[in-house]
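Dear colleague,

Please find below the structure that I am handing over to you. A summary of the findings follows it.

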There are 2 protein chains.
Amino acid sequence: MIEQAATEVFAERGYQGASIDEIARRSGVSPPVVYDHFASKEELHRRLLERQRDELVAFWAARMPIPEGTSALEGLLDAYFAYVEAHPYAYRMYFRDTTHRDIQQQGTRLLATILAQQPGWEDSGEAELEMATEVMRTGLIGLALWWQEHPGVTRAAVVAAAMRALSMASPRAAS
Amino acid sequence: MIEQAATEVFAERGYQGASIDEIARRSGVSPPVVYDHFASKEELHRRLLERQRDELVAFWAARMPIPEGTSALEGLLDAYFAYVEAHPYAYRMYFRDTTHRDIQQQGTRLLATILAQQPGWEDSGEAELEMATEVMRTGLIGLALWWQEHPGVTRAAVVAAAMRALSMASPRAAS
DNA sequence: TGTATAACCGAATGATCGTTAGGTTGTCAA
DNA sequence: TTGACAACCTAACGATCATTCGGTTATACA
C-alpha cells in the first residue's frame, strides 16, 4: 500500500528527506506507479495530512460529549493520546513538518475553544489565550513524541502528566 | 560572513532544505569558499548549533543567581526569551531540526533541575519529572516561535503567559 | 473477438546538490 | 626576490531526486 509506506517514510525522514524512490520501494512498486495515483510528491503529502487531520478530529468527536466525571480538557487529552497510540507513524508525519499549518488549524481551534472554557480563563485577553494554546499545543506534541520513545509508560500516566503540567486552574496561580 | 548567512538559511529552510549554494550566495562568496572554512555541510551545521548552545547557556548563567523577588523559574524564562529576542535567526535554527539532540541536552538538564526545585515537585517520580520537562521544553519552543510571528507582544507578556500556562504550583492542582 | 482501462514497468530527462580539482591573486615574513 | 599562506575563483564530477515517456500485461466489458 503506497499510502502506508509514504506515511512511514514521511514520519521517519520528514517531507524534504523522503524520496519517492524509497516510498515506491517500500510499497513494492516502481516509482512511476506513485504518479499514477498522485500528481506529485507534494499532493501525496497533503492528502495524507488531510486524512490524518480528519481521523484525529474523528477521535475527538467520538469522545464528545465527554464521559461523566471527566473534564473536557482531560477527555480531549485522553483522545489525543489514544490517537497517538493507534497511529504512531501517522502522528509523527502529521506534526513533523510545519509547511501545511492550515491543515492543523482545525485542531488548534478546537484546543483554544476548550481552553477558553477552563475555569479562570473566561475573561482573558485574546493574546493570552493564543499564547496558552500554543504552549499547550506544542507541549503536547513534544510529550507525545517523548512517549513514543518511552513505550513502557501507560497512556493514563501520560495524560496525568499533561494535566499536571498544564494545570491552569487559575490564570494567576503562578507567583 | 559565512556563519551569519548559514544561520539564516538553516533557520529559514531547515538542514535538509538549506543549500551550500544559497549560503555562499548570501555570504557574497562562491561555494568552494565554504569548504575552506568547514569540512562539510554537516560540520558547519553542528558548529553553529554548538555555538548557539553555548550562547544560550551564557544567557542563563549571566542571570544566575537570580534577582531578588523573582523565582528561579521566572528568571530562567526571562533569560530564555531575552535570548530569543536577541538572536531570532539563531534561535530558529537551533530548535528547527532534531537531528542533534545531544547538543540540546545541556539546556534540557538545566530545565529539569530548576523544575525539580519547584514547590510540590521535590518528591515526584523520575518519569513524571521527565514528562513535565518535555512538555515545558517543547511548549516554550512553540511559544517562542509564535512570538516571532507576533512581534507586537512584549517579552514581559510572553514570560507571564509561559508562567501562567506552566503554573505547576502543585502536582495535583489539576482536577 | 475487439477494445477500453487500469496497474505496472524499465529507462531516461533535467534539475539540484554536496563536494572536489585546479588555478589566480594578494599578503607578508625570510 | 622568493616562497608560503590564505582567500578566493571557475568549472566540473557524481550522486540523488522528482518527474515523464513509452511500453507491457491483465481484466472486463461490448
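This is a predicted model: local features need pLDDT of at least 70, side-chain atom pairs count only at pLDDT 80 or more; totals for chains, interfaces and linings use all residues.

**Chain A: order of elements**

From the N terminus onward, the elements of chain A follow the order α-α-α-α-α-α-α-α-α.

**Extent and confidence**

The C-alpha trace of chain A spans about 60 × 35 × 30 Å along its principal axes. Of the 175 residues in chain A, 35% are buried. Among the contacts in chain A with a separation of 6 or more, 63% are between residues 24 or more positions apart.

The mean pLDDT of chain A is 89, and 92% of its residues reach 70 or more. Residues 169-175 of chain A, however, have a pLDDT below 50; beyond near neighbours in sequence, this stretch has 15 contacts in the model.

**The nonpolar core**

The largest nonpolar core holds 90 residues, and the members that touch the most others are A:L143, A:A162, B:L143 and B:A162. What is A:A162 in contact with, leaving aside its neighbours within four places in sequence? The residues concerned are A:L77, A:L140 and A:L143, together with B:V135 from chain B.

**The surface near DNA strand C**

DNA strand C is surrounded by 15 residues, of which A:V29, A:S30, A:P32, B:S19 and B:S40 are the closest. Two or more residues each are given to this surface by helix 3 of chain A and by helix 2 (20-27) and helix 3 of chain B. Helix 3 of chain A provides the largest share, four residues. By class, the surface near DNA strand C comprises nine nonpolar, three polar and three charged residues.

**The surface near DNA strand D**

Around DNA strand D there are likewise 15 residues, and those that come nearest are A:S19, A:S40, B:V29, B:S30 and B:P32. The elements giving two or more residues to this surface are helix 2 (20-27) and helix 3 (31-37) of chain A, along with helix 3 (31-37) of chain B. Which element supplies the largest share of the surface near DNA strand D? That element is helix 3 of chain B, with four residues. The residues of the surface near DNA strand D divide into nine nonpolar, three polar and three charged.

With kind regards

Notes. Residues are numbered from 1 along each chain as its sequence is written. Chains are lettered from A and ligands numbered from 1 in the order in which they are written. A residue is near a molecule or strand if its C-beta atom, placed from the backbone, lies within 6 Å of it. Ala, Val, Leu, Ile, Met, Phe, Trp, Tyr, Cys and Pro count as nonpolar, Asp, Glu, Lys and Arg as charged, and the others, Gly among them, as polar. pLDDT is the predictor's confidence in each residue, from 0 to 100. Two residues are in contact if their C-beta atoms, placed from the backbone, lie within 7 Å. A nonpolar core is a set of buried Ala, Val, Leu, Ile, Met, Phe, Trp, Tyr and Cys residues joined through C-beta atoms within 7 Å. A residue is buried if 20 or more other C-beta atoms lie within 10 Å of its own, exposed if 12 or fewer, and partly exposed in between; C-beta atoms are placed from the backbone.
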